[in-house]
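The stops below are given in the order in which they may be selected.

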Amino acid sequence: MKIHAWVNPYRISTNETPSHLSADNPYKADSALEKTTDSGIYYDPSSEEARELIVNGVAEIAENYDVDGIQYDDYFYPTDDESFDEEEYEAYVSEVGKDNSMSLENWRKANVNLLVCETYRAVHNAKEDAVFGISPQGNIDNNKELYADVKSWCACRGFIDYICPQIYFSLTNPVLTFEDSLKSWTELDYADNVSLYIGLAGYKAGSDDDEGTWENDDDILSEEYRIVLSSEKTSGIMLYSFASLTETNAEEEMKNLSDELNLN
């Protein structure tokens, strides 16, 4: 078994969770590092100091704990509201000049890309055989709203070792099916050192999610695994969440998936 530490890089608190932050929390020490939205408090993606804090934290995990890798979750910019970092963007434009400046969209993507690139280097410098991956949203188009440049991460060396889109959809999801989402990811260009894993929604097994399409069958995950296995682009699956392995409503799904994986 290998252990990858799971990290939400920009989140400080969301929806008042946690309700109280330690007085030693870096956010308390320097509120200039953070941005507040209706949903919570986040580190400012445009702040060099905030980026350094995040990267150093990741390096500390890799150096001091027996982990095999680091994985970033699917949340990056918490909003696409232009007022979120209007002051910082205007300062950037003023510094480089209007004719030389990036659009707000490209500037935000560049901020995230810089964090991802520096995290990749920090993980490998801290532990030579450790890997760094990201688990973005399964609907590939939704990543644009988060300024998550998934296409560059996959195609260019120096960003990630693997990507694991959260394709948490049933085979008959009326909004976006599992196979349609998978196709959008397998059609991307990948650098030769970047692996593609597929995240499966164990937590939806037996539930009424995706407009009830998980309630009709108990072999959705095993069928999705077979589909993943048939693709030349994919390297395997990841299952969310661990709790679903023992939940009663997921029992039949997990048994069928285990049979398919030859775990029984």
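Buried means under 20% relative accessible area, exposed over 50%, and partly exposed in between (1.4 Å probe, protein chains only). The model is predicted, with local features requiring pLDDT of at least 70 and side-chain atom pairs pLDDT 80 or more, while totals for chains, interfaces and linings use all residues. Residues are numbered from 1 along each chain as its sequence is written, and side-chain values use heavy atoms, without hydrogens and water.

Select Lys183 and Glu187 to begin. Their side chains form a salt bridge (a side-chain nitrogen of Lys or Arg within 4 Å of a carboxyl oxygen of Asp or Glu), with an N to O distance of 2.5 Å. Lys183 counts as partly exposed because its relative accessibility is 47%; Glu187, at 52%, counts as exposed.

Turn next to Arg108 and Asp85, another salt bridge, whose closest N and O atoms are 2.6 Å apart. This pair links distant parts of the chain: Arg108 belongs to helix H4 (residues 104–126) and Asp85 to the loop between S5 and H3, 23 residues apart. Helices (H or I, at least four residues) and strands (E, at least two) are DSSP runs, numbered from the N terminus. Both Arg108 and Asp85 are buried.

Now select Lys255 and Asp259, whose side chains meet in a salt bridge of 3.2 Å, N to O. Both are in helix H9 (residues 251–261), four residues apart, about one turn of the helix. In total, the structure holds ten salt bridges.
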